[in-house]
Amino acid sequence: MAQNNFEWHAEWSSFKQELPHQKPPYSKRNWGNARHSLCSYQGKLKPSIAYHLIKTFVPEGGTMFDPFTGVGTIPFEAALNNRFAYGMDISIMAYYIAQAKVGFSSYDLSFDYINRLAKYIANDVVTINDYDKYAIFGLNKNLADYYEPNTFKEILSARKFIQQTPPSNASEMVVVASLLHILHGNRPYALSRKSHPITPYAPSGKFIYKNVIEKLKEKTARFYNKKNAAPTKYGQIFLQDSTTEWPAQISNIDTIITSPPFFDSTRFYNANWIRLWFCGWEPNDFKTKPHLYIDERQKQSFDVYAPIFKQAKERLKPNGVIVFHLGKSPKCNMGEELKKIGRKWFRHSELFAEDVGHCESFGIRDIGTVTEHQYLIFY
């Protein structure tokens, strides 16, 4: 196994002193590649933090892995900055979005998929049973409260198409991710009545017909805007529970950088229920599937992270490093809890805290009670 001789200690010391992501231009709300905004997502790590962690801990041209990828912020920043990135997430929604960002995609292949979807919608017949089954489903309001009836029929057809013809490459995942983004929001691009682009608050305003394909084409075209640089190294995301055995490709890694769900964050399935439903979750899944996710499992015991540490030790190069970005709240000191578990596999650790009381809420009413961000380092 190749040795990792990358020296990160001096850069890490500078990071702690300077907190560069809190200073211009990195502190700007919209800093970073516009493709980070392919699909909005509550709890997404700021791209500027990911950028500086990658610059600090991953050697130029090196390889990193994120076992809790979410919508791909960390792997995408790595891919943009000449690092090869692996990622993993249990959520099919997150998988589609992350792979769309880090994989090779093309405008022509994306629009070929859109054209196939348009043909399907034009010829599909939405039965009364299908319409009624989902129209009355919802976690705050029902789906029928969000959409003009003809728009809702098109969304039902699009959902069916994606179940029957799931995206098989990054180009097609760009389309699905774009559609997930426009499912709800408070701007003209949104297919819904006025809601919120990150979490679907109960809608308001008039029911207005929105053509799914028209809005989807507009959103997908924006992804391919020339100002949005593509990765310099294309990465790979795996759809998998990271507490199970990792694929063989994930080996000889320089660095693991990850930001798992914070202990005291809002429930992911509430914030993403419409998008999860669109990706195939049925109403009953919202009662059963969340228990498979680490968001819920860690509330029972932080031992759920033991397989992560064990495999990290096995897959990292000698002298490799693992970096956790965590949230501390009055209910839980995640850094100290994970530090206890990681000591079994790593000789050295460090826990650094950053106050985040000043951070904005992006218009979200319930964003959790995190008071500090913690950086937990093992090597």
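Two residues are in contact when heavy atoms of each lie within 4.5 Å. Keep that in mind as you click through this predicted model, where local features need pLDDT of at least 70, side-chain atom pairs count only at pLDDT 80 or more, and totals for chains, interfaces and linings use all residues. Residues are numbered from 1 along each chain as its sequence is written, and side-chain values use heavy atoms, with hydrogens and water left out.

**Stop one: α6 and α7**

Helices here are DSSP runs of H or I with at least four residues, strands are runs of E with at least two, and both are numbered from the N terminus. Select 128-135 for helix α6 and 149-164 for helix α7. Two packed helices are described by the angle between their axes and the distance between the axes. For this pair, the angle is about 100 degrees and the axes are 11 Å apart. Axes are lines fitted to C-alpha atoms, for helices over the stretch in contact, and angles run from 0 to 180 degrees between N-to-C directions. Angles under 35 degrees count as roughly parallel, over 145 as roughly antiparallel, 65 to 115 as roughly perpendicular and the rest as oblique. α6 and α7 are therefore roughly perpendicular to each other.

Now show side chains. From α6, Asp130, Tyr131, Tyr134 and Ala135 meet a set in α7 that includes Phe152, Leu156 and Arg159.

**Stop two: α1 and α2**

Next, select 9-18 (helix α1) and 47-57 (helix α2). Their axes come within 8 Å and cross at roughly 150 degrees, so α1 and α2 are roughly antiparallel to each other. On the α1 side, look for Glu11, Trp12 and Phe15, which meet His52, Leu53, Thr56 and Phe57 of α2.

**Stop three: Asn272**

Move to the loop between α10 (268-271) and α11 (273-278), where you will find Asn272. Is Asn272 buried or exposed? Its relative accessibility is 2%, so Asn272 counts as buried (under 20% relative accessible area; exposed is over 50%, partly exposed in between, with a 1.4 Å probe and protein chains only). The side chain of Asn272 reaches the backbone oxygen of Phe268 at 2.9 Å. Not counting residues up to four places away in sequence, Asn272 touches Tyr41 and Met93.

**Last stop: Ile250**

Finally, pick Ile250 in the loop between β3 (236-239) and β4 (253-258). At 0% relative accessibility, Ile250 counts as buried. Which residues is Ile250 in contact with, leaving aside its neighbours within four places in sequence? They are Phe65, Tyr86, Met88, Phe238 and Arg315.

How values were computed:
Polar contact = N/O pair within 3.5 Å; in protein donor to acceptor, adjacent residues only side chain to side chain.
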